[in-house]
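Biologist: I have a model open here and would like to go through its packing. Shall we begin with a helix?

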Amino acid sequence: SERSSHEAPKPRIGGMAIVVSFYAAYCFLVVAAPATRVFAPMAIGAGMLFVTGVVDDWRGLGVKVRFGAQIVAALTMVYFGVVLDHVHVPAVGDIALGWMSAPVTVLLVMVSVNFYNFIDGIDGLAGGSAFIASGFLALIAAMLGHTALALVFVAVAGSAIGFLHFNFPPSRTFMGDSGSTFLGYLFAYVAVWGN
């Protein structure tokens, strides 16, 4: 298409490898490190977007269906109490969002999911960003004593670097909606949870 940065058609279902390897690692973590179970709502919401992304990559879905799935996944966060209830502004302090907490959380998730989806079309960008961001999130979480979060993001980083081997220029595959929306949701979830 006119938007593409590549000249030849490429598969766009590489995200399946990221997601399957992440869930394999996460299932192991749930057994080996029970504290990681607190992130089960994240795994549920991200899984919803993964399934929607697979169908979209395979057959194509309309914008309304994709946005609907994103809203449902975001409301899953809200249901489990993961909401952006305040924002810290330097030199001002914390600003409580009150009744706007749920709508702002849903908006943040949708922005993150769609932003990550947009950067998937350039060789190495989405996969490299996922590996770097996950690695730093794991490091920061470990330094702050959040071992469960660190372990989850080590799993994300490992999944991303496995995919990245096939996504470096010249790429052999893209992650597609199945992987990009999944990762965008994970990063939004952790941003809200960490707040």
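Modeller: This is a predicted model. The buried residues of α1 pack against α2, α6 and α7.

Biologist: Which residues of α1 are buried?

Modeller: They are Gly15, Ile18, Val19, Phe22, Tyr26 and Leu29. Seen down the axis of α1, these buried residues fall within an arc of 90°, so they line one face of the helix.

Biologist: And which residues are exposed on the other side of α1?

Modeller: Val20, Phe28, Val31 and Ala32 are exposed there.

Biologist: How far apart are the end C-alpha atoms of α1?

Modeller: They are 25 Å apart; at 1.5 Å a residue, the 18 residues of α1 should span 26 Å, so the two values agree.

Biologist: Turning to the core, how many residues does the largest nonpolar core have?

Modeller: It has 47 residues, and those with the most contacts inside it are Phe39, Phe153, Phe182, Leu183 and Tyr185. Each of α1, α2, α3, α4, α5, α6 and α7 supplies at least two residues of this core.

Biologist: What is Tyr185 in contact with, leaving aside its neighbours within four places in sequence?

Modeller: Its contacts include Pro41, Met42, Leu49, Met77, Val109 and Val113.

Biologist: A change of topic: is Ser101 buried or exposed?

Modeller: Ser101 is in helix α4 and is buried, with a relative accessible area of 8%.

Biologist: Which backbone oxygen lies 2.9 Å from a polar atom of its side chain?

Modeller: That of Gly98. Leaving aside neighbours within four places in sequence, Ser101 is also in contact with Val83, Leu84 and Asp85.

Conventions: Residues numbered from 1 in each chain as written. Predicted model: local features only at pLDDT ≥ 70, side-chain atom pairs only at ≥ 80, totals over all residues. Heavy atoms only, no water. Core = buried A, V, L, I, M, F, W, Y, C linked by side-chain atoms within 4.5 Å. Buried < 20%, exposed > 50% of the residue type's maximum accessible area, 1.4 Å probe, protein only. Helix = DSSP H or I, 4+ residues; strand = E, 2+ residues; numbered from the N terminus. Contact = heavy atoms within 4.5 Å. Expected span 1.5 Å × (residues − 1). Arc of directions from axis to C-beta. Polar contact = N/O pair within 3.5 Å; in protein donor to acceptor, adjacent residues only side chain to side chain.
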